[in-house]
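Take a moment with the sequence and the fold before reading on. The paragraphs below walk through them step by step.

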Amino acid sequence: MATPREKDAADYLKKHKVVELMDNLSGLLLFHRPENPREFLIDQLEQLKSSQQGGVKGPNLFSSINLDAVFGMLDPADQKSITYAQYQHALTMLGIKDINECPDGVNEDRISYDTFIIESIQGLQRCSATYKQA
């Protein structure tokens, strides 16, 4: 059983999304492998701060080219759509936790390329927003 101090620490980490922040920063660091890691991390933190203050896009590991490739792997017959199960699985693999359960095309079980890209970008942006909003 957790002590009150451990519970306070866990609550603090959760409230301020510290684990998510560290996951995001370490992922970016390992992906980019910059010559000067400290400078790189400072730049990423400044981008997160700008994102919070001005609605500017925050740092992210995946580009639209990466998302195109993911969709292409799920749609090898080039039908321009994937199933809802494929959509869910892909977004989960991208690290998106709060997936839109009712995207366009869910009733037909045909999620279009455009819907997949929009939902992926929005989900990744939510994931990279690892700062506490005021």
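This is a predicted model: local features need pLDDT of at least 70, side-chain atom pairs count only at pLDDT 80 or more; totals for chains, interfaces and linings use all residues.

Residues are numbered from 1 along each chain as its sequence is written, and side-chain values use heavy atoms, with hydrogens and water left out.

Start with the layout. The protein chain has 6 helices and 2 strands. Helices here are DSSP runs of H or I with at least four residues, strands are runs of E with at least two, and both are numbered from the N terminus. Along the sequence, the order is α-α-α-α-β-α-β-α.

Next, consider how the chain is covered. It holds 134 residues, and 28% of them count as buried. Buried means under 20% relative accessible area, exposed means over 50%, and partly exposed lies in between (1.4 Å probe, protein chains only). The accessible surface of the protein chain comes to about 9300 Å². Carbon and sulfur atoms account for 56% of that surface. Such areas come from the Shrake-Rupley method with a 1.4 Å probe, and for residues only the protein chains shown count as cover.

Contacts tell how the sequence is brought together. A contact means heavy atoms within 4.5 Å. Among contacts in the protein chain with a separation of 6 or more, 64% join residues 24 or more positions apart.

Now go inside. Nonpolar side chains tend to be buried together in soluble globular proteins. A nonpolar core is a set of buried Ala, Val, Leu, Ile, Met, Phe, Trp, Tyr and Cys residues joined through side-chain atoms within 4.5 Å. The largest one here has 15 residues. Ile82, Tyr87, Leu91, Leu94, Ile96 and Phe116 touch the most other members. Helices α4 (64-74), α5 (84-93) and α6 (113-128) each supply at least two residues of this core. The largest share, 4 residues, comes from α5.

Which residues does Leu94 touch, not counting residues up to four places away in sequence? They are Phe62, Leu67, Val70, Ser120 and Leu124.

Ser120 counts as buried because its relative accessibility is 0%. The side chain of Ser120 reaches the backbone oxygen of Phe116 at 2.7 Å. That is a polar contact: a pair of N or O atoms within 3.5 Å, where within protein one must be able to donate a hydrogen and the other to accept it, and residues adjacent in sequence count only if both atoms are side-chain atoms. Leaving aside neighbours within four places in sequence, Ser120 is in contact with Leu67, Leu91, Leu94 and Ile96.

Ile117 and Leu67 are 50 residues apart in sequence, yet their C-alpha atoms are 6.7 Å apart in space. Beyond its neighbours within four places in sequence, Ile117 is in contact with Leu67 and Asp68. Ile118 also has its place in helix α6. At 46% relative accessibility, Ile118 counts as partly exposed.

Move to helix α1, residues 4-15. With Tyr12 and Val19, Leu13 makes a nonpolar surface patch of about 280 Å². Patches are made of residues with over 30% relative accessible area and no salt bridge: like charges are joined within 9 Å, and nonpolar side chains (Val, Leu, Ile, Met, Phe, Trp, Tyr) within 5 Å.

The whole structure has 2 salt bridges. A salt bridge is a side-chain nitrogen of Lys or Arg within 4 Å of a carboxyl oxygen of Asp or Glu. One joins the side chains of Lys7 and Asp11 at 3.0 Å, N to O. These two are 4 residues apart in helix α1, so about one helical turn separates them. Lys7 is partly exposed at 47% relative accessibility, and Asp11 is partly exposed at 38%. Another salt bridge links Lys80 and Asp78 at 2.7 Å, N to O.

Finish in the loops. Most residues other than glycine have a negative phi. Asp78, however, has a positive phi of about 55°. Asp78 lies in the loop between α4 and β1 (81-82). Asp109 also has a positive phi, near 55°. Its place is the loop between α5 and β2 (111-112). At 37% relative accessibility, Asp109 counts as partly exposed.
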